[in-house]
Amino acid sequence: MQPLDIKLYNTMTRRKQPLVPLEPGKVRMYVCGMTVYDYCHLGHARVMVAFDVVTRYLRWRGLDVIYVRNITDIDYKILRRAEENGESITALTERMIAAMHEDEARLGVLRPDHEPRATGHVAEIISMIDTLIDKGYAYPAANGDVYYRVRKFADYGKLNNRNLDEMRAGARVDIDEHKEDPLDFVLWKAAKPGEASWTSPWGEGRPGWHIECSAMSKCCLGDTFDIHGGGPDLTFPHHENEIAQSEAANGKPFVNTWMHAGAVRVNQEKMSKSLGNFFTIREVLEVHDPEVVRYLLVASHYRSPINYAPESLAEARKSLERFYTALDGVELANEATVGDAHYQARFTAAMDDDLNTPEALSVLFELARELNRAKQEDPAKAPGLAAELRRLGGVLGLFGQEPASFLKGVQAALPLAEEEIEARIARRTAAKQARDFAAADAIREELAALGIVLKDSREGTGWFYEPPAES
């Protein structure tokens with residue numbers, strides 16, 4: 001197999017580095033998954049789609065990818081939510097896992113090769129904690145908990161470039177009297193009366209969150225593997241703690257490349273339940289075509305923050321319309337026999353450069369424009385171009401629908417035909433030019449009542465559709 005020139009940004013080194021698999025031709029990747037106490041939200045969708053693209057692309061480049069994404073199915077939040085709902089932990093987690101699988105399927109996210117659950121690996125977790133105690137990196141406390149000695153691990157803080165003394169200065173004032181040091185973190189949590197628990201050498205209890213991933217990644221991928229991914233909020237303390245646990249227990253480097261997806265903001269604000277801008281995936285998909293949402297997530301570089309707003313969704317919808325309009329009415333060739341192979345070469349070059357999906361999509365827009373020209377000027381060339389557009393778009397998980405069906409669905413979702421919307425905007429522009437501002441405002445308000453929001457700029461008036469809230 002020819003060596004590939006794929007470069008990925010490594011959070012640990014803060015630079016792009018060549019992807020050199022530990023085993024030639026095979027990439028082992030672990031991504032931190034969901035704690036299944038509630039429905040998945042947009043931040044989860046971001047991580048799902050980002051690493052789905054990683055997996056699809058590396059496989060397209062000929063690599064054998066083993067993709068592991070765990071499920072945390074025992075946690076304080078799960079215990080609390082099950083009690084609030086009056087249901088068993090198992091009933092809650094099974095329901096949320098089924099919902100998660102439904103959400104990811106609608107977003108076109110492929111299932112991981114392995115999806116280990118924390119409750120299925122308690123024996124391995126206990127064994128790893130035992131090893132850490134034997135090596136002096138952990139200690140049982142009088143309250144039944146087991147803690148990790150952070151200061152014992154010389155490289156603690158290397159992922160986040162944090163100094164231990166700085167961390168100590170910023171530690172919480174309410175010191176846990178059972179810890180030797182405020183920075184120490186829990187590996188095993190003693191069970192309270194009535195809580196779900198497992199028998200361990202330190203009494204009844206359950207695993208700490210951080211140790212779960214160290215044990216599950218080791219079980220599925222070995223002591224050292226190629227890529228570890230997750231959301232932007234996991235670098236500290238979760239991933240920092242994983243490194244400390246795994247390298248201390250196994251005596252080997254843990255991960256070659258750390259990858260972190262960007263955050264999701266809503267109308268330029270942090271997504272938060274307290275701000276009232278918190279959306280689950282299924283809430284969003286009740287209103288928007290799943291491929292539109294996926295396109296929005298893919299159109300930004302995986303490390304960049306994404307702004308979820310009506311305008312950005314409208315732009316994603318219009319971009320997909322352009323692609324499907326180009327594909328509409330063209331019978332695909334059995335093989336993509338494009339006269340000029342530079343589209344695949346440029347697409348590959350963009351994706352090889354740390355999965356630069358914005359640049360890759362710009363190449364596909366050029367391909368779509370050539371397809372539109374061929375439909376008019378050289379119809380014999382169109383099937384090959386259309387097949388190539390479908391093939392490269394499929395690497396990003398896009399363009400899988402029938403064009404006519406997608407375009408019909410977009411039109412059906414709008415309260416007015418696009419031609420009528422543009423006609424009303426033209427009448428409003430004419431009214432403004434005639435200084436009949438009352439008439440212009442009336443047209444804006446009529447459209448706003450239908451969910452058509454106008455945006456004036458120097459270039460003219462654009463619009464996007466935001467379905468009116470139900471009364």
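Analyst: Two strands count as paired if DSSP finds at least two bridges between them. Please keep in mind that this is a predicted model. With that in hand, look at strand S14 (residues 452-457) and strand S15 (residues 460-465), which pair in the antiparallel sense over six bridges. Together S14 and S15 form a hairpin, with two residues between them.

From the strands we can turn to the rings. The structure holds 15 aromatic pairs. In one of them, the ring centres of Tyr57 and Trp60 are 5.8 Å apart and the planes stand at 35°, so this pair is tilted. Both belong to helix H1 (residues 42-60), where Tyr57 and Trp60 are three residues apart and therefore separated by about one helical turn. Which of the two is buried? Tyr57 is, with a relative accessibility of 0%, whereas Trp60 is partly exposed, its relative accessible area being 26%. Elsewhere, ring pairs join Tyr295, Phe323, Tyr324, Phe365, Phe399 and Phe406 into a cluster.

Rings also meet charges here. The charged end of Arg303 sits over the ring of Tyr9, 4.1 Å from the ring centre. Likewise, the charged end of Arg162 sits over the ring of Phe236, at 4.0 Å from its centre.

Pro237 has its place in helix H7 (residues 235-250). As background, most residues other than glycine have a negative phi, and most peptide bonds are trans.

Arg14 is not a glycine, yet its phi is positive, at about 60°. Look for Arg14 in the loop between strand S1 (7-10) and strand S2 (15-18); with 40% relative accessible area, Arg14 is partly exposed. Gln268 is not a glycine either and has a positive phi of about 70°. Gln268 lies in the loop between strand S11 (264-266) and strand S12 (269-270). Since its relative accessibility is 52%, and exposed means over 50%, Gln268 counts as exposed.

Definitions and conventions:
Residues are numbered from 1 along each chain as its sequence is written. This is a predicted model: local features need pLDDT of at least 70, side-chain atom pairs count only at pLDDT 80 or more; totals for chains, interfaces and linings use all residues. Side-chain values use heavy atoms; hydrogens and water are left out. Rings of Phe, Tyr and Trp (its six-membered ring) pair if their centres lie within 6.5 Å; planes under 30 degrees apart count as stacked, over 60 as edge-to-face and the rest as tilted. Helices (H or I, at least four residues) and strands (E, at least two) are DSSP runs, numbered from the N terminus. Buried means under 20% relative accessible area, exposed over 50%, partly exposed in between (1.4 Å probe, protein chains only). A charge sits over a ring if NZ of Lys or CZ of Arg is within 6 Å of the ring centre and within 35 degrees of the ring normal.
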